[in-house]
Amino acid sequence: MKNSKVPLWKPLTVRNFLLLYIGETVSLLGDQFYIVALPWLTIQLTNSGITLGTVLMSAAIPRAVLMLFGGVVSDRFSPRLVMLVSNALRGLLVVLFATIVALKMTQLWHLYFFAAGFGIFDGFFIPASKSIIPSLVSKEQLIASNTLSQGTSQLILLIGPALGGLLIATAGIEVAFVIDGITFAITTMTLLLMKGTTAKATVLNGELNQNSTSTKKTISLIAGIREGFYYAWHNQPLRIFLLVMVILNFLFIGPLQVGMTSLAHSRFPGGAVALGILQSAWGGGGLIGLTGRRKSL
């Protein structure tokens, strides 16, 4: 109970957590532009809900599959290093895609390639971003830091998509992608400014060039992945939870994303703005649910 008395602002006095909080807040805001821009671009190019669904699946499937691998990699090396690499690669990918869109050269395979690439890098970034917080703050500040991060995320999910839709309608889809790329550059800089994290010096100093060490790391990585699969499958509550999440994503969240985009495109004159507002309403529901859950605890 002692942890609950720590003020929400207290973790922000920790330099590394403050840098992480700033960087991830900015990056998450940029991601909301991407979340509106990618489906809107897809539906405009193809006018097909089926195609939109397959584009979104090309991001969701590698993300879901690789999150376990990403968790093991973060555990074996450094969450900060994994986040750095993932952010840098996603930033480059977004800037490349924005260039293609700006030059009016977009083809359908570009959408699949971009979505799949984003999903792959997300699969490594998401578990790393969740596991890094306990290494930055004290145990007493952990609840406050998680609450602050989750609350800010839900607030951004409320306002971000609407801003993204408005930006697309007024400045163009390519501008939304460019801004998302800039946010990745900002969060990469904040990660570089962090000091004294748990990044493995062996990786940064190149000591993994020794064959014996590299072999041990590989064996350890494979063993960790195997152990994770075994634990998830033989832990009944966890197995049920994972199956429920898969079912929700495929039967509810995925169709809802396709449906909102198709509805905004076919029914509303200001389509991109309407899509952003619909996405923000979804985020607003999540914020209300999070607030209600906090009050019940």
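**Helix crossing, ring pairs and burial**

User: Within what distance do the axes of helix α2 (residues 49-76) and helix α9 (residues 236-267) come, and at what angle do they cross?

Analyst: The two axes, which are lines fitted to C-alpha atoms over the stretch in contact, with angles from 0 to 180 degrees between N-to-C directions, come within 10 Å and cross at roughly 135°. This is a predicted model, in which local features need pLDDT of at least 70 and side-chain atom pairs pLDDT 80 or more, while totals for chains, interfaces and linings use all residues. Residues are numbered from 1 along each chain as its sequence is written, and side-chain values use heavy atoms, without hydrogens or water.

User: Why are α2 and α9 called oblique to each other?

Analyst: Angles under 35 degrees count as roughly parallel, over 145 as roughly antiparallel, 65 to 115 as roughly perpendicular and the rest as oblique. The crossing of α2 and α9 is at roughly 135°, and the two helices are therefore oblique.

User: Which residues of α2 and α9 meet?

Analyst: On the α2 side they include Gly-49, Leu-52, Gly-53 and Leu-56, and on the α9 side Phe-250, Gln-257 and Val-258 are among them, where contact means heavy atoms within 4.5 Å.

User: What makes Tyr-34 and Phe-114 an edge-to-face pair?

Analyst: Rings of Phe, Tyr and Trp (its six-membered ring) pair if their centres lie within 6.5 Å, and planes under 30 degrees apart count as stacked, over 60 as edge-to-face and the rest as tilted. By this rule the count comes to 9 aromatic pairs. Tyr-34 and Phe-114 have 5.6 Å centre to centre and 70° between the planes, and the pair is edge-to-face. This pair links distant parts of the chain, with Tyr-34 in helix α1 (residues 15-46) and Phe-114 in helix α4 (residues 108-131), 80 residues apart.

User: How do you know that Phe-114 counts as buried?

Analyst: Buried means under 20% relative accessible area, exposed over 50% and partly exposed in between (1.4 Å probe, protein chains only). Phe-114 has 1% relative accessibility, so Phe-114 counts as buried, and Tyr-34 is buried too, at 7%.

User: Why is the pair of Phe-114 and Phe-177 edge-to-face?

Analyst: The ring centres of Phe-114 and Phe-177 are 5.8 Å apart and their planes stand at 85°, so the pair is edge-to-face. The pair links Phe-114 in helix α4 with Phe-177 in helix α6 (residues 173-193), 63 residues apart. Phe-177 counts as buried at 0% relative accessibility. Ring pairs link Tyr-34, Phe-97, Phe-114, Phe-118, Phe-177 and Phe-184 into a cluster.

User: Why is Tyr-112 called partly exposed?

Analyst: Tyr-112 has a relative accessible area of 28%, so the residue is partly exposed. Tyr-112 has its place in helix α4 and touches Thr-51, Thr-54, Val-55 and Ser-58, not counting residues up to four places away in sequence.

User: Is Gln-279 buried or exposed?

Analyst: Gln-279 is buried, with a relative accessible area of 8%. Gln-279 lies in helix α10 (residues 271-296) and, not counting residues up to four places away in sequence, touches Ile-35, Val-36, Leu-157, Pro-161 and Met-260.

User: How many helices and strands does the protein chain have?

Analyst: There are 10 helices and 0 strands, where helices (H or I, at least four residues) and strands (E, at least two) are DSSP runs numbered from the N terminus.
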